[in-house]
Structure formats: structure tokens, C-alpha cells
2 protein chains.
Amino acid sequence: MSEIPYKIYLSENEIPSAWYNVRADMKKKPAPLLNPGTGEPLKAEDLYPIFCEELSKQEMNNDDQWIDIPGEVLDFYKMYRPSPLVRAYCLEKALGTPAHIYYKFEGNNTSGSHKLNSAIAQAYYAKKQGLKGVTTETGAGQWGTALSMATAYFGLDCQVYMVKVSYEQKPFRREVMRTYGATVTPSPSMNTNVGRKINEQFPGTDGSLGCAISEAVEAATTQEGYRYVLGSVLNQVLLHQSVIGLETKAALDKIGVKADMIIGCAGGGSNLGGLISPFVGEMLRGENQYEIIAVEPASCPSFTRGSFVYDFCDTGRVCPLAKMYTLGSNFMPAPNHAGGLRYHGMSTILSQLYDDGFMKATSVKQTDVFAAAEQFARVEGILPAPESSHAIKVAIDEALKCKETGEAKNIVFGLTGTGYFDLVAYQKYNDGVMDDYIPTDDDIAASLAQCPKLG
Amino acid sequence: MSEIPYKIYLSENEIPSAWYNVRADMKKKPAPLLNPGTGEPLKAEDLYPIFCEELSKQEMNNDDQWIDIPGEVLDFYKMYRPSPLVRAYCLEKALGTPAHIYYKFEGNNTSGSHKLNSAIAQAYYAKKQGLKGVTTETGAGQWGTALSMATAYFGLDCQVYMVKVSYEQKPFRREVMRTYGATVTPSPSMNTNVGRKINEQFPGTDGSLGCAISEAVEAATTQEGYRYVLGSVLNQVLLHQSVIGLETKAALDKIGVKADMIIGCAGGGSNLGGLISPFVGEMLRGENQYEIIAVEPASCPSFTRGSFVYDFCDTGRVCPLAKMYTLGSNFMPAPNHAGGLRYHGMSTILSQLYDDGFMKATSVKQTDVFAAAEQFARVEGILPAPESSHAIKVAIDEALKCKETGEAKNIVFGLTGTGYFDLVAYQKYNDGVMDDYIPTDDDIAASLAQCPKLG
């Protein structure tokens, strides 16, 4: 055992020099985005008014297996990557399991999560296109933080629409973004038509992610030299996040270990898609087999209780239609503290892979997730983000199954981030006042009934 | 330039296997601690009722140059060490300086600072002595967090007395400690005689570090199987923190770089003492020369405006007398946000080294420190702790001097921690409402006048 170190670090020249595009190896490609007005498949050009051109092309690129990482993005990656693959010796010992547990830790940067991997790429392409700045929305604030770090690095303006209730309840996230020079506006605001309209209609509203998206998109399309960027769900984001999986694979190869099982939390799919893509690639090419498990909150179970249909990506129904596992675009997830997993839909890539049987999915309750988070923190040191802790929970469960069967499985999971800005949730858990919210079948059926009749 | 990577990582087997005890190489030893009642020098045994025996011996050990790091402590170190030495390419570029800037980053662990290096050692010796638990005080909360992580690892009870105003204003720090299983009590409490007395005398008081120390010491000495532990100032703490300097030296040696200048922030001295000790060792043995700069806040300038005399280590005047640079034990530092630097005195080791001319000291204003912190964050990614940012400020100043002279100096500084729990201070800075507090000469003279007439 002791020959494998606690932290398996790659050297800087082992950071991947190209992103891996799993779509190139998929026999069944993810279904195309559709124009919500005409129902026609979108082309890259159709996205240019909203997204950077290069990113629009990446969004539509189902063919190129590898896409070079630009040198300036690689230079930035070198400030915080390669991220460590950690052998969880202390957790294994605490569980008394014969399983070997590894986690890829993406939290050792100020954004506190893997979001930076795509933020820096998106900021780079915006800079390359000669833009002045970008707009985005943020809920929990991880994406907004990552983007403000990336835009500060490239000297771009960054306008973040932050859901009003988060803006008020998470002042520290807001201050990190401001420290990096971003303008953070509580949404709905009086800056945009859609914001003013909503404020008029619902005075004193707390806002919602759907509304913040609409404001950010309006701000991007009505200001000269701005585009809109997004931190999850999109194909381009999963592409950039493939660095997680590529490094994980390289580190495992380095120590001669083959993963049996790969576990990740699933919200929009950015982290899970990035982590598993090179492994799924091997499965798609018939080279290897892995057991892949997506973990979602019981409060927002897109894979396990949703339908695989065309649906709107946003609550405001202004964005394109995507074929995905969805709970319906007007599904209102209960106030689960894993803000990053509160999305009604799912990456179209992951949805297709799930439908084709390349991965499993399971859902877990919030209080069980925090119990696992606390157990992990006490033995492995790191205070995990609630999102990441969904993967911890299932990794622990699987390791305990190995204890029963005596199997020494190699379990790999993604530890996407740290929980320093989630202490309100930890406090609720510590005080024993955290609830579990599980939608009823009727809730989900009612929301799904409103999906457009297409595809 | 590109041959030196952004992050110089040592491998796990390059973590030092022994702490370096700089006192062994000092010709003028730090002055002994004195019994406050008799004025007699203390022996190790005199400390046993308060501190663990092994730690008491380390406190008094002026002879052994190296002290082995126990295997269980080394195993814990492997979860978060070696910490990276980072070449600040992006900062150099932003400053346009010919200087080469390096920083040793100690913030990549959940305690968010270097404090864990000593916490795990102190918890280990407590466990080894068969104790049930330890008590301590915490102000800003970094030390309390580190200690709660360390005691959780060894299954010890941990009782933290947290200054009441911090307990209320920093609920998130408190929750991290609770998540690691520590009991956090706002001080003054009703648990101890001294706490009850103070609460009676000053109803509704906000508490102070001096009072929290007194409560923690009382709690340690009145409960069977408990001892008191402390995160800075003590010789034993500087000994444990020598891992910082040893790794820094090893990483520089690996890339063939000799530091010209080493910069660290100075509160009680734990980080600075650890960082510089192997370098000072070379100076003491006449092998090498370095320019060493201690940076302290203008609001609490022990080195630059204090006196080198025997003084009480605590405001409550129950602890031993130490000969050190001090502002007087009843000096009340203004509400500087770098809570970790708000100490009236200074490590006796560093005090002696400073008095003997082995290091310089300078003081900097809080608003200048935050300006440097923000500049650093935007180019180097990491959001630094206010304490650490004192070193950043002076490193930037020195790099800009190099720009004028054209010198390509190798500047090394200690980045002791992250600022995720200091966003209230960042907010004040971002809002332009942060003040600078500088004590008057009269303030300092009045406080110094009350030092005991000794030594």
C-alpha cells in the first residue's frame, strides 16, 4: 500500500495540451439544439449573437476528438493545475474497507471548484475575439467567482447577475467577485427590460436563476462588445472540463491502477462530464469497461425521475431547446443547499450516454450527504462542498459494500470543491435542523407535462 | 525563465523527517522564561501542569539541532504537504520587474493556514501522553480550526474558547470547528471561575484574547486529562513550523536558486520563524547571507516601535514572563483585520535574532496591505489572508525597487493562508470604508511603562 503516495501529482508538462471531445467517439451523438420558435436544429452561426464564435463552434463540434488548449489558457492552468489525485488512505482506514479510494481534488484554487477550468477558456476566447467583456448569472456563486478570476486575468469586464436572495445571503461570495473586479448586480435588477418587468410584476421578489439568465443574456446582446457565458450544461463546458478526467487517467496510469468505478455528482453535468469523458471514450471505443455512477440530490433528480425529452434550458424559455433528462423547465427545486445541483435538466451529452447505458445514476438525501461530508472532513482534512459531498456519500457506500464482499475495488470519485462558503448549511446540519426535501410524483408529472411536444 | 515551473513541488518523501531547532545554532540563546511570582527561570517540569511533557521539553530545548518528526505526524503532513513553492510569474509580469518572486503557499488545507503544522504535532503529543483532550483560545479562528482538525484526526476532545465578539461575528469559522467536533465556547463564559468573574464585573463584555487564554488555561488545569495548547509565540511552535522553511530551502535548491531576500509577516512569529529558520541557521553558522524582513501592521508594531524587555505573554498576567520585543501586555491593538497579527509581543527567538541584527523589520498600513492583496489576487489567482498580505505588500515594494535598479533579485515570501473567512474586511476595502489605525508614541509609552522591571 505504502508505495502509492497520498497525493499523486503530475508535473506541469503532463497537463493535457488538448481537450478531449467525447462526442467524436459517440456513435449516437447528442441530439442537436433546436430553435425554440421554429423547432429547426441550430447552426453555430445562430449562436454568434449570444456566444463567442469559437465557443459556438466548439458547442456544435461532434467530430474532432481533440481540440488544442491555447497556450495562454495552459499558462493559467499552470497556476493551479495539475490538481492532485489523492489516495484516501485515512478514509479507507476509518471505514475498514479493502477498497482503494481515490479522489480528484479540484478545490485548491480561489474559486473553490472546478469551474475555473472552463471560465479561463471562455474568457480567453472572448479576449481573442476582441470583446470588451462578458455577462453571466450565478446562483451559489462558484461560477461567478471563477469567471471573475478569469476575466481579471485577461483584463475583461465581467458583469454578474446574482440571484437576489443569494446576493443578500452570500455576501462573501459577492465580495470575492468584487475583489476580482467584477460588477455584481442583484437580479432581478433595474438594468434590463426583463428585470424591470419582473420587478414591476413581482415587487420584492427574491429572484431566480431563470430570471438571472434572462437578464445576463439581455445585457450581453444589448451592449456592444459583450457576449454571454455559462458554466455548465453546455457541450463546450464539458469539453473544457475534460482536463479533470485526462489528468485523473494519467495519474492512475502512472501508478498502474485501473479504476473499477468512477463516481461524480451531477447537476448540469460539467464536473461529471469532465471527469468521466476519457473513461467513457475507452468504453465507446470498446477498449475498456468501467462502472460509472452519477449522483444527484433527491430534491432534484433529473436522471432518476425525469424524462429524456426536448425541453427549454431556462425557466424563462428564451434559450434553445435541448434533448435531455429533465424535470421540466418550470420545476422548482426545493431549497437544497447544494446550489450547484439545483438544475432541472442535464447536459445533452450525459443524457445520451445515460440513455445508452454507459452510466448509472442514483439520488441521495441531503442529510445523508452532510453526514458523509462531516465524516470525510474529519479523516481526510478537506471540508468538502455540498455538491461534491454527493459523490463522497456514494463512494463511502460503495466502499462499505466492498467491506461486506471483501472486494478490493478501485473507487475513484470527483471532489469538485470546498465548502468554505457553505457554512450556513453546515451550521443547519450541526444544529440538527436540516430538512430533506423530496418532490412527489405529482410535482414532477405536473412540471413534465409542460415540456414542449417535440422530438 | 520557462525552465522553472510555476509550482515547484517536492515529492512526499522529501517532506523533512526532522524539525530544525534554530536555537541550537544561536550563540546568544533566547532569554529563558521566568516565573512571574519569583522571577526565577522556569524548568521544563514547571510547565508540565499546563503543557504536554514532550512539548514542555521542546520548549526548553536549546541544544538539539534536529528533532525527529514522529511517523504519525508525518503521515498527516502527507495529506497536505509538501506545500508548493510558487514562482509568481504573473505578478512579475504585472509589475514589470526583473526580480524573480517566489512564495511558499501554506493555505491549501482546510484550516486555511500554516497553523496545522504545529496543531497536528501538539495533538499527537497530547494523544501520546494519554490525554483526553486539549483546550485553547482562538481569536480570528485559524488556530482553533487547525487544532480542531488535528484533534479530530487523533480522536481527542477539543475545547476552544473563542473571543465572544469573534464568536458572533465569525459564525462560519465557528461552524468549521464544530464540523470537526470541537466544542466552541464564547469567552468570557460561565464555564470557568475567571469567566464568571469577568462576566460579573463587565456584564455584556465582548471578551478579549487575554481573557480567553485565562479561561482555556483554567479549563486545562482543572479537568483531569487535559492540557493547554497555543498556536504561536512559543519556541515549540516555531520548531514545528520549521517544515515551512526546510521545504522552501529544498525546493530552491532543487531549481538551483539562492534566495536574496526572505519576507514574512510577523504577529507572534510562528510563520516567520518557521520560514526563515534554516536560512538563519546558515547565517548563524557563517555559511551564507540573506536579507530577512519581518513585516508587521502599523497598528501593532512590536519590532519597529516596541522595547526588548521582559514582559507578560498575556493580558491577564498569569503566564510566564518572556524577554521579547513588546508593546506592553496591556497594549490594546486597534481593530486591525489581520487578527493573527494583533499580538503585543513577539517570539523570544525572533526577538533575539532581531536584536542581534539577523533580520530587519518594517511596518505597513492596512489599506496598503489590502491594495497589495487585491493586486496579487487578480494576477496570481489566490485570495490571500490579510496577515499574509503584509508580506505581499513588502515583496511588491521590493520588486518595484528592483525595477528601478535593474537588479534580478530572488525574492521569497511566505503566503501563510487564504482569506475566505476575511471577506468582511475585503468588503470594507472594496467599499472604501477601511481605516488605518496607528498608535501614538504616547499610547505605546504608557503601555510599555507597565512592563515589569526585570532583566
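The legends below describe close-up views of a predicted model. Local features need pLDDT of at least 70 and side-chain atom pairs count only at pLDDT 80 or more, while totals for chains, interfaces and linings use all residues. Residues are numbered from 1 along each chain as its sequence is written, chains are lettered from A and ligands numbered from 1 in the order in which they are written, and side-chain values use heavy atoms, with hydrogens and water left out.

**View 1. The seven-stranded sheet of chain A.** The sheet is open, its strand order is 1-4-5-15-10-11-14, and its pairing is mixed. Strands (E, at least two residues) and helices (H or I, at least four) are DSSP runs, numbered from the N terminus; two strands pair if DSSP finds at least two bridges between them. Strand 1 (7-8) and strand 14 (360-364) of chain A are the edge strands, each pairing on one side only. Strand 11 (residues 291-297) of chain A runs parallel to strand 14 of chain A, and five bridges join the two. Within strand 14 of chain A, Ser363(A) is the residue opposite Glu296(A). Helix 16 (residues 386-405) of chain A packs on this sheet and touches strand 5 (100-105), strand 10 (261-265), strand 11, strand 14 and strand 15 (410-415) of chain A. The direction of helix 16 makes about 170 degrees with that of strand 15 of chain A. Contact means heavy atoms within 4.5 Å; axes are lines fitted to C-alpha atoms, for helices over the stretch in contact, and angles run from 0 to 180 degrees between N-to-C directions.

**View 2. The four-stranded sheet of chain A.** This open sheet has the order 8-7-6-9 and parallel pairing. Its edges are strand 8 (183-187) and strand 9 of chain A. Six bridges connect strand 6 (residues 133-138) of chain A with strand 7 (residues 157-163) of chain A, and Thr138(A) faces Met162(A) in strand 7 of chain A as its opposite residue. Helix 8 (residues 171-179) of chain A lies across strand 6, strand 7 and strand 8 of chain A, at about 170 degrees to strand 7.

**View 3. Helix 15 against helix 17 in chain A.** The axes of helix 15 (residues 366-380) and helix 17 (residues 423-430) of chain A come within 11 Å and cross at roughly 100 degrees. Helix 15 of chain A is therefore roughly perpendicular to helix 17 of chain A (angles of 65 to 115 degrees; under 35 is roughly parallel, over 145 roughly antiparallel, the rest oblique). Residues of helix 15 in the contact include Phe370(A) and Glu374(A), and those of helix 17 include Tyr426(A) and Tyr429(A).

**View 4. Val233 in both chains.** Most residues other than glycine have a negative phi. Val233(A) has a positive phi of about 65 degrees, and phi of Val233(B) is near 65 degrees. Val233(A) sits in the loop between strand 9 (226-228) and helix 11 (235-254) of chain A. Val233(A) counts as buried at 14% relative accessibility, and Val233(B) counts as buried at 13% (buried is under 20% relative accessible area, exposed over 50%, partly exposed in between, with a 1.4 Å probe and protein chains only).

View 5. Arg81(A) and Pro82(A) are joined by a cis peptide bond with omega about -10 degrees. Pro82(A) belongs to the loop between helix 3 (71-80) and strand 4 (85-87) of chain A. The bond from Arg81(B) to Pro82(B) is also cis, with omega near -10 degrees.
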